[in-house]
Amino acid sequence: KIDGIASDVALRPIAKVGVIGAGTMGGGITMNFLSAGIAVTIVEQAEDALNRGVGVIRKNYEASAAKGRLTTEQVETAMGLLTPSLSLDDLADCDLIIEAIFENMDVKKEVFGKLDAIAKPGAILASNTSYLNVDEIAASTSRPNDVVGMHFFSPANVMKLLEVVRGAKTADDVLATVMALAKKIKKVAVVAGVCHGFIGNRMLMPRQVEANKLLMEGATPEQIDRVHVEFGMPMGPFQMSDLAGVDIGWHRDPSRIESIRDALCAEDRWGQKKGAGFYDYDEKRNPTPS
Ligand code: NAI
């Protein structure tokens with residue numbers, strides 16, 4: 001029984017998934033479904049971003065094959081389930097569509113408005129938003145009961161945790177379907193309510209605030225991260241920022257510098273994806289000595 005939902009609620013069939021955005025998160029999210037044998041159509045807004053995103057998916061699979069975790073045949077089977085596209089119209093036959101585009105309410109609302117016209121009746125519409133109000137996103141459609149948050153953590157093809165954000169109008173069968181699907185793609189799902197940052201990021205936010213204060217007081221990212229790692233955490237706050245993308249939630253206005261984060265973004269230091277963030281990286285995304 002999940003979060004007050006009857007255990008015999010009929011699940012919606014999920015045979016085909018759509019993912020919008022082939023950036024840091026979209027690619028990893030896509031891999032979870034391909035690896036579980038579920039076909040995915042991935043949509044980007046520009047050809048170079050689409051090619052880059054699909055290239056990263058292939059590279060990740062090939063790296064697993066090189067380590068002996070997958071056969072070449074398994075890599076080709078997974079890649080064979082992937083359909084790259086530049087048009088949201090190609091998502092019309094998807095049972096579940098997960099949006100993983102920029103963290104900006106207006107941009108997300110516009111895409112959900114379009115999905116409302118394109119998605120088939122009964123399709124589940126999910127957002128991978130980190131902080132935004134899922135109810136507000138849902139209200140940009142005529143079917144808020146089909147809308148849910150599916151908040152994956154980076155790297156999305158590796159991290160087990162999935163926060164399933166239940167909106168005020170999310171239907172019981174939508175929540176139950178997503179929880180069952182999470183199991184199928186080998187995630188550990190936790191239901192969260194609508195609030196700023198849900199649970200995981202809410203926990204991490206105060207840590208980041210203190211880390212930023214320490215930075216302003218003269219500590220280096222290396223010192224702060226090193227202490228976290230020696231505490232036994234997999235990485236520190238600045239390593240995590242570089243991995244996730246320093247630009248998440250950035251207002252994208254280089255003339256408005258209100259924090260170290262804004263200053264880094266304005267200088268194109270968006271983290272590992274740009275080869276530099278709080279740290280510099282080589283082409284294999286290893287930090288280079290400073
Ligand atoms: P990203 O910037 O790496 O990728 C976003 C992609 O969406 C870009 O490739 C962009 O071209 C594409 N895009 C933008 N508008 C589009 C449209 N209208 N149609 C098709 N494609 C479009 O961003 P990232 O980091 O993958 O974040 C995506 C979402 O996931 C955000 O809402 C973010 O808050 C959330 N998220 C990010 C995490 C992270 O660690 N990076 C973790 C969990 C959630």
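UniProt positions are given here in the numbering of this structure, with feature names shortened, and such annotations may be inferred rather than shown by experiment. With that in mind, the UniProt record lists "domain: 3-hydroxyacyl-CoA dehydrogenase C-terminal" (unreviewed entry) at residues 197-281, and it places "domain: 3-hydroxyacyl-CoA dehydrogenase NAD binding" (unreviewed entry) at residues 16-192.

A quick word on the model: it is predicted, so local features need pLDDT of at least 70 and side-chain atom pairs count only at pLDDT 80 or more, while totals for chains, interfaces and linings use all residues. Residues are numbered from 1 along each chain as its sequence is written.

Here are the two annotated spans side by side. Helices (H or I, at least four residues) and strands (E, at least two) are DSSP runs, numbered from the N terminus.

| Span | Helix | Strand | Distance between end C-alpha atoms |
|---|---|---|---|
| Residues 16-192 | 41% helix | 22% strand | 25 Å |
| Residues 197-281 | 51% helix | 0% strand | 28 Å |

An open sheet of 8 strands runs in the order 3-2-1-4-5-6-7-8, with mixed pairing; two strands pair if DSSP finds at least two bridges between them. Strand 3 (82-85) and strand 8 (188-193) stand at the edges with a single partner strand each, so one side of each has no neighbour in the sheet. On average, neighbouring strands of this sheet are turned by 25° against each other, direction ignored (the axes are lines fitted to C-alpha atoms, for helices over the stretch in contact, and angles run from 0 to 180 degrees between N-to-C directions).

Valine 165 stands opposite alanine 192, and leucine 161 stands opposite valine 188.

Two loops deserve a look at the backbone. In the loop between helix 6 and strand 8 lies lysine 186, whose phi is positive at about 65° although it is not a glycine. Proline 155 sits in the loop between strand 6 and strand 7, and a cis peptide bond with omega of about -10° joins it to serine 154.

Ser154 also brings us to the ligand: it is among the closest of the 27 surrounding residues, along with Gly21, Gly23, Met25 and Ala244. A residue is near a molecule if its C-beta atom, placed from the backbone, lies within 6 Å of it. Helix 1 (24-35), helix 4 (105-118) and strand 6 (147-152) each supply at least two residues of this shell, and helix 1 gives the most, with 3 residues. The shell divides into 14 nonpolar, 11 polar and 2 charged residues (Ala, Val, Leu, Ile, Met, Phe, Trp, Tyr, Cys and Pro count as nonpolar, Asp, Glu, Lys and Arg as charged, and the others, Gly among them, as polar). Domain 1 (16-193) and domain 2 (204-274) both give residues to the shell, so the ligand lies between them; these domain bounds come from an automatic or database domain assignment.
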